[in-house]
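Subject: Structure handover

Hello,

Here is the structure we talked about. Please open it and keep it beside you while you read my notes below.

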Amino acid sequence: MTTSALFIVLALLMAGQGFAWVIQPSYDESAVPDDELPGPLVMADGTPVSTTEQWPARRAELVEQFTEQMFGRLELSTPGEAVVSEWLESDGRALDGRATRRQVRVCFTEDPDGPAMELLVYLPNGTDGPVPVFFGMNFDGNHTVHADPAIRITQAWVRNRAEVGAVDHRASEEGRGVMASRWPVEALIARGYGLATAYYGDLDPDFDDGFRNGLHALLDGAGDTQRPGDAGGAIAAWAWGYRLAMDYFESDPAVDAQRVIAIGHSRLGKTALWAGATDERFAMVVSNNSGCGGAALSRRRFGETIYAINTRFPHWFCASFHTYNDNESALPFDQHALLALMAPRPVYIASAADDRWADPRGEYLAGVHASPVYALLGDPGLVGAGDHLPAVGTPLQDGRIGYHVRTGGHDLTRYDWDRYMDFADRHLGGSDE
Ligand code: GTR
(Lines give C-alpha, C1' and ligand atoms only; values in the text may rest on other atoms or scores of the structure.)
Protein backbone atom coordinates (compact mmCIF):
# COMPACT_ATOMS: atom_id res chain seq x y z
CA MET A 1 0.00 0.00 0.00
CA THR A 2 1.35 3.45 -0.86
CA THR A 3 1.74 6.07 1.87
CA SER A 4 -1.12 8.17 0.54
CA ALA A 5 -3.44 5.15 0.33
CA LEU A 6 -2.51 4.28 3.90
CA PHE A 7 -3.27 7.83 4.97
CA ILE A 8 -6.71 7.73 3.33
CA VAL A 9 -7.54 4.40 5.00
CA LEU A 10 -6.43 5.78 8.38
CA ALA A 11 -8.40 8.99 7.90
CA LEU A 12 -11.55 7.05 7.03
CA LEU A 13 -11.12 4.74 10.00
CA MET A 14 -10.72 7.71 12.32
CA ALA A 15 -13.66 9.49 10.74
CA GLY A 16 -15.74 6.39 11.46
CA GLN A 17 -14.76 6.76 15.10
CA GLY A 18 -16.08 10.31 15.12
CA PHE A 19 -12.78 12.22 14.80
CA ALA A 20 -14.09 15.41 13.26
CA TRP A 21 -10.63 16.82 12.62
CA VAL A 22 -10.15 14.79 9.45
CA ILE A 23 -13.05 16.72 8.00
CA GLN A 24 -12.22 20.33 7.24
CA PRO A 25 -15.44 22.31 7.55
CA SER A 26 -15.84 25.65 5.83
CA TYR A 27 -17.22 28.56 7.85
CA ASP A 28 -16.60 31.07 5.12
CA GLU A 29 -19.80 32.68 3.86
CA SER A 30 -18.00 33.97 0.78
CA ALA A 31 -17.14 30.36 -0.16
CA VAL A 32 -20.80 29.27 -0.23
CA PRO A 33 -21.58 28.09 -3.78
CA ASP A 34 -24.33 30.06 -5.48
CA ASP A 35 -26.02 26.93 -6.86
CA GLU A 36 -29.65 27.40 -7.69
CA LEU A 37 -32.05 25.56 -5.38
CA PRO A 38 -34.50 23.14 -7.02
CA GLY A 39 -37.91 24.79 -6.76
CA PRO A 40 -40.34 23.04 -4.46
CA LEU A 41 -43.11 24.30 -6.77
CA VAL A 42 -41.88 22.65 -9.98
CA MET A 43 -42.68 19.03 -10.82
CA ALA A 44 -39.75 16.79 -11.74
CA ASP A 45 -40.86 17.00 -15.39
CA GLY A 46 -40.66 20.80 -15.27
CA THR A 47 -44.40 21.54 -14.92
CA PRO A 48 -44.91 24.54 -12.63
CA VAL A 49 -47.12 24.01 -9.58
CA SER A 50 -49.32 27.07 -9.31
CA THR A 51 -52.61 25.85 -7.81
CA THR A 52 -53.44 24.19 -4.50
CA GLU A 53 -54.91 21.26 -6.47
CA GLN A 54 -51.49 20.52 -7.95
CA TRP A 55 -49.69 20.44 -4.60
CA PRO A 56 -50.63 16.89 -3.44
CA ALA A 57 -49.00 15.37 -6.55
CA ARG A 58 -45.85 17.45 -6.07
CA ARG A 59 -45.85 16.61 -2.37
CA ALA A 60 -46.04 12.87 -3.13
CA GLU A 61 -43.21 13.23 -5.63
CA LEU A 62 -41.01 14.95 -3.04
CA VAL A 63 -41.77 12.37 -0.34
CA GLU A 64 -40.75 9.67 -2.80
CA GLN A 65 -37.53 11.49 -3.72
CA PHE A 66 -36.54 12.02 -0.08
CA THR A 67 -37.35 8.35 0.62
CA GLU A 68 -35.41 6.99 -2.33
CA GLN A 69 -32.39 9.29 -2.18
CA MET A 70 -31.95 10.20 1.46
CA PHE A 71 -33.77 8.53 4.36
CA GLY A 72 -34.62 5.19 2.72
CA ARG A 73 -37.61 2.89 2.85
CA LEU A 74 -38.58 0.92 5.84
CA GLU A 75 -41.07 -1.93 5.45
CA LEU A 76 -41.76 -4.24 8.39
CA SER A 77 -42.08 -7.90 7.45
CA THR A 78 -44.84 -8.16 10.06
CA PRO A 79 -46.88 -4.99 9.72
CA GLY A 80 -47.30 -3.19 13.01
CA GLU A 81 -50.82 -2.17 12.12
CA ALA A 82 -52.70 -2.91 15.31
CA VAL A 83 -50.88 -1.08 18.05
CA VAL A 84 -50.36 -3.28 21.03
CA SER A 85 -49.65 -1.21 24.05
CA GLU A 86 -49.68 -1.82 27.73
CA TRP A 87 -49.72 0.73 30.51
CA LEU A 88 -46.87 -0.33 32.74
CA GLU A 89 -48.16 2.24 35.20
CA SER A 90 -50.33 5.33 35.41
CA ASP A 91 -50.16 7.65 38.40
CA GLY A 92 -52.44 10.68 38.72
CA ARG A 93 -50.35 12.19 41.54
CA ALA A 94 -47.07 12.76 39.74
CA LEU A 95 -45.05 15.99 40.07
CA ASP A 96 -46.68 16.93 43.39
CA GLY A 97 -50.12 16.18 42.03
CA ARG A 98 -49.83 18.50 39.05
CA ALA A 99 -49.56 15.78 36.46
CA THR A 100 -50.49 12.27 35.50
CA ARG A 101 -47.53 10.12 34.57
CA ARG A 102 -47.88 7.08 32.40
CA GLN A 103 -45.25 4.62 31.26
CA VAL A 104 -46.41 2.63 28.31
CA ARG A 105 -44.90 -0.29 26.44
CA VAL A 106 -45.73 0.12 22.76
CA CYS A 107 -44.97 -2.97 20.66
CA PHE A 108 -43.48 -2.89 17.19
CA THR A 109 -45.62 -5.78 15.97
CA GLU A 110 -48.74 -7.59 17.05
CA ASP A 111 -46.59 -9.81 19.24
CA PRO A 112 -46.96 -8.44 22.80
CA ASP A 113 -43.73 -10.16 23.81
CA GLY A 114 -41.78 -8.84 20.83
CA PRO A 115 -39.65 -5.71 20.60
CA ALA A 116 -41.20 -2.54 21.94
CA MET A 117 -40.46 1.03 22.95
CA GLU A 118 -41.24 2.53 26.32
CA LEU A 119 -43.10 5.80 26.28
CA LEU A 120 -42.96 8.16 29.23
CA VAL A 121 -45.92 10.55 29.27
CA TYR A 122 -46.73 13.47 31.59
CA LEU A 123 -50.15 15.07 31.21
CA PRO A 124 -51.37 18.14 33.13
CA ASN A 125 -54.10 17.45 35.70
CA GLY A 126 -57.29 19.46 36.08
CA THR A 127 -57.86 20.17 32.40
CA ASP A 128 -61.28 20.26 30.74
CA GLY A 129 -60.46 17.70 28.11
CA PRO A 130 -57.71 16.08 26.10
CA VAL A 131 -54.47 18.06 25.98
CA PRO A 132 -51.95 18.92 23.28
CA VAL A 133 -48.71 16.99 23.68
CA PHE A 134 -45.11 17.56 22.65
CA PHE A 135 -43.44 14.27 21.71
CA GLY A 136 -39.70 14.03 21.28
CA MET A 137 -37.22 11.19 21.58
CA ASN A 138 -34.31 11.38 24.00
CA PHE A 139 -30.67 10.28 23.66
CA ASP A 140 -29.90 8.52 26.94
CA GLY A 141 -33.04 6.88 28.30
CA ASN A 142 -36.32 8.16 29.76
CA HIS A 143 -34.92 8.24 33.29
CA THR A 144 -32.48 11.00 32.25
CA VAL A 145 -35.19 13.54 31.38
CA HIS A 146 -36.47 14.15 34.94
CA ALA A 147 -35.42 13.34 38.50
CA ASP A 148 -38.80 11.66 39.18
CA PRO A 149 -37.77 8.43 41.00
CA ALA A 150 -40.60 6.44 39.41
CA ILE A 151 -39.22 6.65 35.87
CA ARG A 152 -38.05 3.25 34.71
CA ILE A 153 -34.38 2.92 33.81
CA THR A 154 -33.95 1.72 30.27
CA GLN A 155 -32.71 -1.85 29.85
CA ALA A 156 -31.71 -1.19 26.23
CA TRP A 157 -28.21 -0.72 24.83
CA VAL A 158 -26.97 2.80 25.57
CA ARG A 159 -23.90 4.73 24.50
CA ASN A 160 -21.21 4.72 27.19
CA ARG A 161 -21.29 8.19 28.75
CA ALA A 162 -19.93 8.78 32.22
CA GLU A 163 -22.00 12.01 32.51
CA VAL A 164 -25.22 9.98 32.39
CA GLY A 165 -23.94 7.00 34.38
CA ALA A 166 -23.87 4.72 31.34
CA VAL A 167 -21.17 2.07 31.59
CA ASP A 168 -20.75 -1.15 29.58
CA HIS A 169 -23.64 0.02 27.45
CA ARG A 170 -26.02 -0.20 30.41
CA ALA A 171 -27.92 2.72 31.92
CA SER A 172 -27.91 3.23 35.69
CA GLU A 173 -29.54 5.14 38.53
CA GLU A 174 -26.76 7.72 38.28
CA GLY A 175 -28.29 9.05 35.10
CA ARG A 176 -31.61 9.96 36.69
CA GLY A 177 -32.59 13.52 35.79
CA VAL A 178 -29.18 14.32 34.34
CA MET A 179 -30.62 15.69 31.08
CA ALA A 180 -33.49 17.55 32.80
CA SER A 181 -32.36 20.95 31.49
CA ARG A 182 -33.50 19.77 28.05
CA TRP A 183 -36.95 18.71 29.29
CA PRO A 184 -38.71 21.40 31.35
CA VAL A 185 -41.64 19.15 32.22
CA GLU A 186 -43.11 21.40 34.95
CA ALA A 187 -43.08 24.44 32.64
CA LEU A 188 -44.91 22.49 29.94
CA ILE A 189 -47.47 21.17 32.42
CA ALA A 190 -48.04 24.70 33.80
CA ARG A 191 -48.88 25.92 30.31
CA GLY A 192 -51.31 23.08 29.64
CA TYR A 193 -49.10 20.88 27.49
CA GLY A 194 -48.28 17.24 27.94
CA LEU A 195 -44.77 15.93 27.35
CA ALA A 196 -44.04 12.48 26.02
CA THR A 197 -40.68 10.94 25.27
CA ALA A 198 -39.05 7.64 24.37
CA TYR A 199 -35.44 6.50 24.16
CA TYR A 200 -34.30 6.48 20.53
CA GLY A 201 -32.17 3.39 21.10
CA ASP A 202 -35.37 1.39 21.63
CA LEU A 203 -35.88 1.79 17.87
CA ASP A 204 -32.29 1.51 16.74
CA PRO A 205 -29.06 1.69 18.75
CA ASP A 206 -27.08 4.57 17.29
CA PHE A 207 -24.00 2.86 15.89
CA ASP A 208 -23.10 1.24 12.61
CA ASP A 209 -23.78 -2.49 12.98
CA GLY A 210 -24.60 -3.23 9.36
CA PHE A 211 -28.33 -2.77 10.05
CA ARG A 212 -28.77 -5.95 12.04
CA ASN A 213 -30.13 -4.73 15.35
CA GLY A 214 -33.10 -2.62 16.45
CA LEU A 215 -36.04 -2.19 14.14
CA HIS A 216 -33.87 -3.25 11.19
CA ALA A 217 -33.93 -6.84 12.45
CA LEU A 218 -37.69 -6.91 11.72
CA LEU A 219 -37.52 -5.51 8.22
CA ASP A 220 -37.94 -7.22 4.89
CA GLY A 221 -34.45 -8.24 3.79
CA ALA A 222 -33.02 -8.10 7.33
CA GLY A 223 -29.54 -9.61 7.42
CA ASP A 224 -28.91 -9.22 3.69
CA THR A 225 -25.36 -8.12 3.20
CA GLN A 226 -26.24 -6.36 -0.07
CA ARG A 227 -28.92 -3.88 0.87
CA PRO A 228 -30.70 -1.91 -1.85
CA GLY A 229 -29.60 1.72 -2.17
CA ASP A 230 -32.92 2.89 -0.81
CA ALA A 231 -33.06 0.61 2.26
CA GLY A 232 -33.84 2.76 5.31
CA GLY A 233 -31.18 3.83 7.80
CA ALA A 234 -31.28 4.75 11.47
CA ILE A 235 -33.13 8.06 11.00
CA ALA A 236 -35.89 6.21 9.14
CA ALA A 237 -36.11 3.78 12.08
CA TRP A 238 -36.30 6.56 14.69
CA ALA A 239 -38.94 8.36 12.59
CA TRP A 240 -40.93 5.14 12.49
CA GLY A 241 -40.89 5.32 16.29
CA TYR A 242 -42.36 8.83 16.15
CA ARG A 243 -45.22 7.45 14.07
CA LEU A 244 -45.67 4.55 16.48
CA ALA A 245 -45.95 7.04 19.34
CA MET A 246 -48.62 8.85 17.33
CA ASP A 247 -50.52 5.55 16.96
CA TYR A 248 -50.48 5.28 20.73
CA PHE A 249 -51.63 8.90 21.27
CA GLU A 250 -54.66 8.20 19.09
CA SER A 251 -55.63 5.51 21.57
CA ASP A 252 -55.20 7.59 24.75
CA PRO A 253 -58.36 9.59 25.50
CA ALA A 254 -56.44 12.09 27.64
CA VAL A 255 -54.31 13.15 24.65
CA ASP A 256 -55.63 15.46 21.96
CA ALA A 257 -54.31 13.51 18.96
CA GLN A 258 -55.20 16.45 16.70
CA ARG A 259 -52.56 18.52 18.49
CA VAL A 260 -49.47 16.37 18.84
CA ILE A 261 -46.21 18.20 18.15
CA ALA A 262 -43.13 16.28 16.98
CA ILE A 263 -39.95 17.77 18.39
CA GLY A 264 -36.32 16.71 18.17
CA HIS A 265 -32.85 18.05 18.84
CA SER A 266 -29.96 17.62 16.43
CA ARG A 267 -30.02 14.13 14.81
CA LEU A 268 -33.45 13.77 16.35
CA GLY A 269 -34.38 17.16 14.84
CA LYS A 270 -33.65 15.62 11.45
CA THR A 271 -35.79 12.69 12.58
CA ALA A 272 -38.70 14.87 13.74
CA LEU A 273 -38.74 16.59 10.34
CA TRP A 274 -38.80 13.29 8.48
CA ALA A 275 -41.52 11.96 10.81
CA GLY A 276 -43.60 15.11 10.26
CA ALA A 277 -43.08 14.92 6.50
CA THR A 278 -44.25 11.34 6.28
CA ASP A 279 -47.01 11.45 8.89
CA GLU A 280 -49.45 14.30 8.49
CA ARG A 281 -51.13 13.42 11.78
CA PHE A 282 -48.46 15.52 13.51
CA ALA A 283 -50.06 18.94 13.88
CA MET A 284 -46.76 20.79 14.23
CA VAL A 285 -43.06 19.98 13.97
CA VAL A 286 -40.09 21.50 15.80
CA SER A 287 -36.55 21.21 14.50
CA ASN A 288 -34.06 22.19 17.19
CA ASN A 289 -30.54 22.70 15.81
CA SER A 290 -31.12 19.93 13.24
CA GLY A 291 -28.40 21.13 10.84
CA CYS A 292 -27.12 19.03 7.94
CA GLY A 293 -29.71 16.51 6.79
CA GLY A 294 -32.32 18.44 8.77
CA ALA A 295 -33.25 22.07 8.18
CA ALA A 296 -29.90 23.29 6.80
CA LEU A 297 -29.50 23.65 3.03
CA SER A 298 -27.01 21.04 1.81
CA ARG A 299 -25.87 23.07 -1.20
CA ARG A 300 -24.33 25.72 1.07
CA ARG A 301 -21.60 23.29 2.21
CA PHE A 302 -21.22 25.42 5.35
CA GLY A 303 -20.20 23.55 8.52
CA GLU A 304 -21.25 19.91 8.31
CA THR A 305 -21.54 18.62 4.73
CA ILE A 306 -23.14 15.51 3.26
CA TYR A 307 -19.67 13.98 2.94
CA ALA A 308 -18.93 14.71 6.60
CA ILE A 309 -22.20 13.32 7.89
CA ASN A 310 -22.12 10.17 5.75
CA THR A 311 -18.51 9.51 6.72
CA ARG A 312 -19.01 9.90 10.46
CA PHE A 313 -22.48 8.36 10.57
CA PRO A 314 -22.71 5.87 7.69
CA HIS A 315 -25.82 4.29 9.23
CA TRP A 316 -28.09 7.37 9.41
CA PHE A 317 -29.18 7.69 5.78
CA CYS A 318 -29.70 5.21 2.94
CA ALA A 319 -26.79 4.12 0.73
CA SER A 320 -28.02 6.22 -2.21
CA PHE A 321 -27.48 9.38 -0.16
CA HIS A 322 -23.76 8.64 -0.15
CA THR A 323 -23.67 9.28 -3.91
CA TYR A 324 -24.21 12.98 -3.06
CA ASN A 325 -20.99 13.22 -1.03
CA ASP A 326 -19.27 16.34 -2.40
CA ASN A 327 -21.93 16.26 -5.10
CA GLU A 328 -24.77 18.29 -3.57
CA SER A 329 -25.77 19.98 -6.80
CA ALA A 330 -26.92 16.59 -8.16
CA LEU A 331 -29.60 16.29 -5.46
CA PRO A 332 -33.12 16.59 -6.91
CA PHE A 333 -34.15 18.56 -3.81
CA ASP A 334 -32.69 20.53 -0.94
CA GLN A 335 -33.76 20.76 2.66
CA HIS A 336 -36.20 23.65 2.14
CA ALA A 337 -38.37 21.07 0.35
CA LEU A 338 -38.33 18.90 3.49
CA LEU A 339 -39.71 21.86 5.47
CA ALA A 340 -42.29 22.47 2.75
CA LEU A 341 -43.63 18.95 3.33
CA MET A 342 -45.05 20.21 6.64
CA ALA A 343 -47.23 22.80 4.86
CA PRO A 344 -49.73 24.06 5.77
CA ARG A 345 -48.96 22.80 9.29
CA PRO A 346 -46.82 25.02 11.52
CA VAL A 347 -43.13 24.19 11.63
CA TYR A 348 -40.52 25.83 13.87
CA ILE A 349 -36.83 25.95 13.04
CA ALA A 350 -34.40 26.97 15.76
CA SER A 351 -30.69 27.64 15.54
CA ALA A 352 -28.02 28.62 18.06
CA ALA A 353 -25.54 31.39 17.31
CA ASP A 354 -22.45 29.35 18.24
CA ASP A 355 -23.69 26.17 16.54
CA ARG A 356 -21.94 26.93 13.26
CA TRP A 357 -21.52 23.22 12.47
CA ALA A 358 -25.33 23.16 11.97
CA ASP A 359 -25.24 26.30 9.78
CA PRO A 360 -27.80 28.68 11.35
CA ARG A 361 -28.07 30.76 8.18
CA GLY A 362 -28.66 27.63 6.09
CA GLU A 363 -31.44 26.59 8.46
CA TYR A 364 -33.01 30.03 8.24
CA LEU A 365 -32.78 30.24 4.44
CA ALA A 366 -34.46 26.85 4.13
CA GLY A 367 -37.43 28.42 5.93
CA VAL A 368 -37.35 31.38 3.54
CA HIS A 369 -37.34 29.06 0.51
CA ALA A 370 -40.08 26.79 1.90
CA SER A 371 -42.37 29.80 2.30
CA PRO A 372 -43.75 29.88 -1.29
CA VAL A 373 -45.40 26.50 -0.63
CA TYR A 374 -47.16 27.89 2.43
CA ALA A 375 -48.21 30.95 0.43
CA LEU A 376 -49.64 28.72 -2.30
CA LEU A 377 -51.70 26.87 0.31
CA GLY A 378 -53.03 30.17 1.67
CA ASP A 379 -50.91 30.81 4.76
CA PRO A 380 -47.80 32.90 5.16
CA GLY A 381 -44.63 30.88 5.85
CA LEU A 382 -41.79 32.84 7.40
CA VAL A 383 -43.02 36.38 8.11
CA GLY A 384 -40.70 39.33 8.70
CA ALA A 385 -37.88 37.57 6.93
CA GLY A 386 -35.24 39.09 4.75
CA ASP A 387 -32.02 37.77 3.30
CA HIS A 388 -30.21 38.34 6.55
CA LEU A 389 -30.37 36.14 9.57
CA PRO A 390 -32.68 37.74 12.17
CA ALA A 391 -30.90 39.22 15.18
CA VAL A 392 -30.09 36.79 17.97
CA GLY A 393 -33.03 36.46 20.38
CA THR A 394 -35.69 37.92 18.05
CA PRO A 395 -38.07 35.09 17.18
CA LEU A 396 -40.21 35.26 14.04
CA GLN A 397 -43.54 33.69 14.89
CA ASP A 398 -46.22 35.48 12.85
CA GLY A 399 -46.33 33.03 9.97
CA ARG A 400 -46.67 29.26 9.99
CA ILE A 401 -42.91 28.84 9.75
CA GLY A 402 -41.30 30.02 12.98
CA TYR A 403 -37.63 30.77 13.44
CA HIS A 404 -35.20 31.94 16.07
CA VAL A 405 -31.51 31.97 16.65
CA ARG A 406 -30.58 32.20 20.33
CA THR A 407 -27.29 32.81 22.06
CA GLY A 408 -25.10 29.85 22.95
CA GLY A 409 -24.27 26.50 21.45
CA HIS A 410 -25.74 23.22 20.30
CA ASP A 411 -28.40 22.37 22.89
CA LEU A 412 -32.11 22.31 23.66
CA THR A 413 -32.77 24.96 26.29
CA ARG A 414 -35.57 26.49 28.30
CA TYR A 415 -35.45 29.52 26.00
CA ASP A 416 -36.15 27.24 23.02
CA TRP A 417 -39.05 25.48 24.75
CA ASP A 418 -40.67 28.76 25.80
CA ARG A 419 -40.66 29.88 22.16
CA TYR A 420 -42.09 26.53 20.99
CA MET A 421 -44.95 26.85 23.48
CA ASP A 422 -45.59 30.47 22.37
CA PHE A 423 -45.72 29.28 18.76
CA ALA A 424 -48.01 26.35 19.56
CA ASP A 425 -50.31 28.64 21.59
CA ARG A 426 -50.53 30.87 18.60
CA HIS A 427 -50.90 28.37 15.78
CA LEU A 428 -52.55 25.38 17.42
CA GLY A 429 -54.72 27.23 19.90
CA GLY A 430 -52.62 26.12 22.90
CA SER A 431 -54.50 24.28 25.57
CA ASP A 432 -57.69 26.39 25.37
CA GLU A 433 -59.47 25.02 22.35
C1 GTR B 1 -23.11 15.70 15.35
C2 GTR B 1 -23.57 15.58 13.93
C3 GTR B 1 -24.76 16.45 13.71
C4 GTR B 1 -25.77 16.30 14.81
C5 GTR B 1 -25.18 16.05 16.18
C6 GTR B 1 -26.12 15.49 17.23
O7 GTR B 1 -21.95 15.03 15.61
O8 GTR B 1 -22.53 15.94 13.10
O9 GTR B 1 -25.33 16.21 12.44
O10 GTR B 1 -26.71 15.34 14.49
O11 GTR B 1 -24.14 15.17 16.14
O12 GTR B 1 -27.06 14.75 16.95
O13 GTR B 1 -25.89 15.80 18.40
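**What I found**

L268 sits in helix α6. Helices here are DSSP runs of H or I with at least four residues, strands are E runs of at least two, and both are numbered from the N terminus. The model is predicted, so local features need pLDDT of at least 70 and side-chain atom pairs count only at pLDDT 80 or more, while totals for chains, interfaces and linings use all residues. Residues are numbered from 1 along each chain as its sequence is written, and side-chain values use heavy atoms, with hydrogens and water left out.

**L268, continued**

Is L268 buried or exposed? L268 has a relative accessible area of 0%, so it counts as buried. Buried means under 20% relative accessible area, exposed means over 50%, and partly exposed lies in between (1.4 Å probe, protein chains only).

Which residues does L268 contact, leaving aside neighbours within four places in sequence? They are M137, N138, F139, Y200, W238 and Y242. Contact means heavy atoms within 4.5 Å. L268 and L203 are 65 residues apart in sequence. Their C-alpha atoms are 12 Å apart in space.

**The ligand**

Now look at the ligand. The residues around it are S266, R267, K270, E304, I309, R312, F313, W316, W357 and H410. The cut-off is a residue heavy atom within 4 Å of the molecule. By class, this shell has 4 nonpolar, 2 polar and 4 charged residues. Nonpolar covers Ala, Val, Leu, Ile, Met, Phe, Trp, Tyr, Cys and Pro; charged covers Asp, Glu, Lys and Arg; the others, Gly among them, are polar.

- R267: an N or O atom of its side chain is 2.5 Å away.
- W357: an N or O atom of its side chain is 2.8 Å away.
- R312: a polar side-chain atom is 3.1 Å away.

On its own, the ligand has 320 Å² of accessible area, and the protein covers 85% of it. Such areas come from the Shrake-Rupley method with a 1.4 Å probe; for residues, only the protein chains shown count as cover. Helices α6 and α7 (306–312) are the elements that give two or more residues to the shell.

At 13% relative accessibility, S266 is buried.

D326 counts as partly exposed, at 48% relative accessibility.

E328 is in the loop between α7 and α8 too. At 4% relative accessibility, E328 is buried. Which side chain joins that of E328 in a polar contact of 2.8 Å? It is the side chain of R301. A polar contact is a pair of N or O atoms within 3.5 Å; within protein, one must be able to donate a hydrogen and the other to accept it, and residues adjacent in sequence count only if both atoms are side-chain atoms. Not counting residues up to four places away in sequence, E328 touches S298, R299, R301, T305 and I306.

Helix α2 spans residues 55–71. Its buried residues include W55, L62, F66 and F71. Among the elements that cover the buried residues of α2 are α5 (234–251), α6 (267–278), α8 (335–340) and α9 (360–376). After α2 comes G72, with a positive phi near 90°.

How many of the 18 residues of α5 are buried? The count is 15, so α5 is largely enclosed by the rest of the structure.

**Last stops**

D416 is in helix α10 (residues 414–428). It is buried, at 0% relative accessibility. Its side chain makes a polar contact of 2.8 Å with that of H404. Leaving aside neighbours within four places in sequence, D416 is in contact with N288, A350, H404, R406 and D411.

Finally, find P344, in the loop between α8 and β8 (347–352). The peptide bond from A343 to P344 is cis, with omega near 0°.

Best wishes
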